[in-house]
Amino acid sequence: MLNNLQNVNKNILVLNEVFSISCFFSNQHPILFMQISPKFLHANSTSHTWPFSAIAELIDNSYDPDVRARQIWIDWTRIRGLDCLSFMDNGEGLTRARLHKMLSFGFSEKKATKSHIPVGVYGNGFKSGSMRLGKDAIVFTKTRDTMSVGLLSQSYLEAIGAQRVLVPMITFRRDGHNHVEDGGSLRAILTHSLFNSEKELFAELRAISAAGPTGTRIIIWNLRTTTNGETEFDFDTDKYDILIRANISDKSNMTPESEYSLRAYCSILYLKPRMQIIIRGQRVKSQLISKSLAHIAQDNYRPSFLNKRVRITFGYNTKSKEHYGIMMYHKNRLIKPYVKVGCQCKAERKGVGVIGVIECNFLQPTHNKQDFDDTDKYRKIMHNLSIKLEEYWNEIRYKRKKEDPKCTLAIEDVLKVPDQVWVQCDSCLKWRRLPDAITELPDKWFCCMNYDPQFRSCLVEEELEDEEEDQKSYPKPFKRQRRNTKSLLEENIPESTQAQDGPAFTTIQAPRHPAASVISGASLAERSPLPLINLTAVSNSLRRAKQKFSAIETQMEVTPSFPVPSLTPPQELFFQTHWPALNEERKTLTQSDTLVSKAACGMMEGIESHQGPAAAEKTCERDASSGTGREYSSAAEQIIELPLKNEKKWVVHHEGHDDDEEEEEEECNLVEAQQWQDELMELMHETAEERDACRQELEVLREHSAALEDERNQLISRLESAEEEKSKLSVLCGQLRSQLAELREQSQRGKEERDDSSKLRTLRLNLSRLLVSFIPSLHLEHVDYSSDVIDTILIQVLEHIT
């Protein structure tokens with residue numbers, strides 16, 4: 001019988017090929033279509049080197065907007081002694097045409113809906129995923145009008161010796177009748193699947209009704225095995241999980257749990273889960289991976305090939321510091337987990353415990369959705385991710401050291417808890433934020449259990465997340481400090497200039513915030529050619545400049561020659577607040593004196609190394625009266641800078657040894673100091689006016705805030721009264737339901753009584769006819785058959801007869 005069936009299938013296959021070829025043949029131009037060998041089913045499945053990636057393909061089909069399943073059940077079962085994987089969802093179900101496309105290659109008609117972008121792209125996920133898990137798969141699907149069964153089986157194709165991929169498929173109407181043309185497919189399914197009768201097929205279709213009115217169930221058997229004959233999955237170690245045997249044996253503290261546990265992998269499979277996943281009867285506790293971290297910081301990255309910024313979330317893993325890296329998502333779906341970048345790949349163990357989360361919708365995933373195409377865009381994003389992650393790691397360490405300088409424990413070794421607590425409602429599947437103090441949650445949580453009354457209903461939309469509210473990056477004080485330090489270190493000393501009437505000389509200018517390492521003898525010695533410098537003149541100029549500055553400082557701070565006006569308390573407070581900063585600038589000037597002295601020593605060493613000790617001694621002995629000393633003095637005095645408001649400087653010049661000129665310069669400096677004080681007074685007056693204006697604005701804002709608070713309280717009271725009315729209506733509805741049930745019972749009893757009364761009347765009518773036949777003298781035309789008159793007459797007749 002089996003041989004005859006195989007011969008019939010072969011003949012049907014040949015006729016189908018001949019018919020298909022004839023349909024695509026032209027008398028002038030013969031055109032053939034491409035055929036797909038059954039061996040391609042296995043070859044196509046090899047793209048999934050990891051079994052969980054194949055399972056993810058089947059989960060994606062239930063998640064995508066064309067199905068929109070709210071739950072998917074993944075389980076292990078045994079049918080006819082074979083281990084099987086079962087996938088069942090309560091989505092829209094598949095019509096006959098859509099089931100045929102799902103069993104075929106390259107058909108993908110998924111369209112994005114509001115806030116739901118499909119993951120599937122290529123129309124190949126079911127074929128590659130199911131055939132990677134096992135050799136055979138059967139699909140049961142149920143819509144509101146039809147029920148269909150389809151078979152994709154390598155064993156079936158090998159048994160009939162098929163040269164092309166055949167997919168037996170049958171469709172039943174709701175009345176239980178199947179299509180007439182499905183007779184051959186029905187026989188093939190009953191012969192080569194795990195179900196040998198139509199009754200068993202209907203039982204599987206009815207099992208879908210337990211999940212919902214519509215849905216789909218996929219059963220995969222002949223699962224892939226290891227070299228020792230066991231299946232690659234471990235179903236015994238954890239009765240609520242599905243594990244990978246090979247990864248369990250190789251696991252260590254460095255191996256993330258998602259590498260070998262399906263439950264752990266499904267918990268991070270989606271960036272924002274919208275579907276519940278139940279594995280072996282227990283729901284997976286999905287998590288918002290970007291909200292389950294500690295020390296969360298939001299950063300931005302604007303690629304050159306995009307017109308918008310890409311949000312990157314950084315934080316520390318609160319479960320294990322050994323599991324870290326970048327979590328890369330595409331259209332809400334996890335593509336690459338725990339990708340170590342930049343400093344995390346080095347031996348110094350930088351970035352340990354840091355997790356980054358990014359949604360790369362601008363990249364193209366590979367065929368198996370476990371990697372991205374290695375393009376220029378991908379390489380750029382990986383390079384910038386390494387930079388951003390190292391910045392975050394440095395900023396956190398800098399912040400921690402600043403807050404607690406005595407702490408020696410690394411931040412990755414500190415016990416951490418998530419910054420935020422989010423939970424998903426089991427009814428509406430919306431995500432709600434809870435107070436940070438919440439640590440334990442019940443197994444089932446609903447919106448009505450929310451602590452925040454504003455989000456205590458499933459009808460309320462989700463609250464905005466941080467990335468939707470604020471698109472700014474987190475502050476980076478460490479980066480800013482390092483950039484400032486680098487800019488100071490990179491400042492170059494101005495090159496030498498030559499005087500019009502004299503020998504070459506070097507002008508030295510101190511930076512605004514010089515460091516000791518900036519001006520050194522070695523760096524100056526490397527300059528070539530080196531001019532000859534009269535060090536005696538430079539030293540004298542420095543000494544005179546220091547004396548002048550001391551005089552100015554004495555007049556400004558001790559005995560000012562200008563009258564100091566009386567200050568109001570706000571002005572005095574402002575002056576006391578800003579004076580330390582000005583005094584700090586004065587100290588900077590004093591430091592510049594020391595640095596220039598070091599520079600002079602360094603130049604002396606440079607001259608010795610470049611021209612020899614004799615040239616240096618000759619330079620020192622040169623007569624200062626020749627005019628060169630004055631030129632050198634003018635050049636050296638340019639280093640003295642007194643910072644004023646808006647980066648203004650007091651530059652002390654020295655032209656010679658005339659004390660009168662020094663007194664004139666001191667008077668000029670005092671005039672400038674008077675001008676500075678006048679500007680300071682004007683600034684304080686402007687600040688007072690601005691403060692008054694700010695106070696007025698603050699009062700207005702407080703009034704608006706009070707009005708908004710009143711409106712909020714009114715809305716809350718309305719909501720509470722609405723909730724009370726809702727509870728009252730609920731109680732009233734319960735009462736009405738109970739009354740309706742009682743009325744239905746009374747109606748049923750009345751109907752039964754009426755039926756009994758009708759039967760009794762009929763019986764009495766028949767008895768009256770019988771009595772008239774025995775006693776013709778009886779006249780029963782006006783007898784009420786609803787009463788017991790006939791019963792009395794019958795009793796009397798029977799007594800008479802007796």
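A nonpolar surface patch is defined here as a group of residues that each have over 30% relative accessible area and no salt bridge, with nonpolar side chains joined within 5 Å. In the predicted model, Leu729, Leu732 and Leu736 form such a patch, and the accessible area of these leucines together is about 280 Å². Leu729 is placed in helix H19.

Helix H19, which spans residues 659–774, also contains Glu689. This glutamate belongs to a surface patch of negative charge, in which Asp678, Glu682, Glu686, Glu689, Glu690 and Asp692 gather. The relative accessible area of Glu689 is 56%, and the residue is therefore classed as exposed.

The cysteine residues were examined next. The structure contains zero disulfides. For Cys447, the closest cysteine sulfur is that of Cys428, at a distance of 3.6 Å. Because a disulfide requires two cysteine sulfur atoms within 2.5 Å, this separation is too far for a bond. Cys458 likewise takes part in no disulfide, its nearest cysteine sulfur also being that of Cys428, 3.7 Å away. Cys428 therefore provides the closest cysteine sulfur to Cys447 and the nearest one to Cys458.

Terms used. Residues numbered from 1 in each chain as written. Predicted model: local features only at pLDDT ≥ 70, side-chain atom pairs only at ≥ 80, totals over all residues. Heavy atoms only, no water. Patch = residues over 30% accessible without salt bridge, like charges linked within 9 Å, V, L, I, M, F, W, Y side chains within 5 Å. Areas by Shrake-Rupley, 256 points an atom, 1.4 Å probe, with all protein chains shown as cover. Salt bridge = Lys/Arg side-chain N within 4 Å of Asp/Glu carboxyl O. Lys, Arg positive; Asp, Glu negative; His and termini not counted. Charge placed at Lys NZ, Arg CZ, Asp CG, Glu CD. Helix = DSSP H or I, 4+ residues; strand = E, 2+ residues; numbered from the N terminus. Buried < 20%, exposed > 50% of the residue type's maximum accessible area, 1.4 Å probe, protein only.
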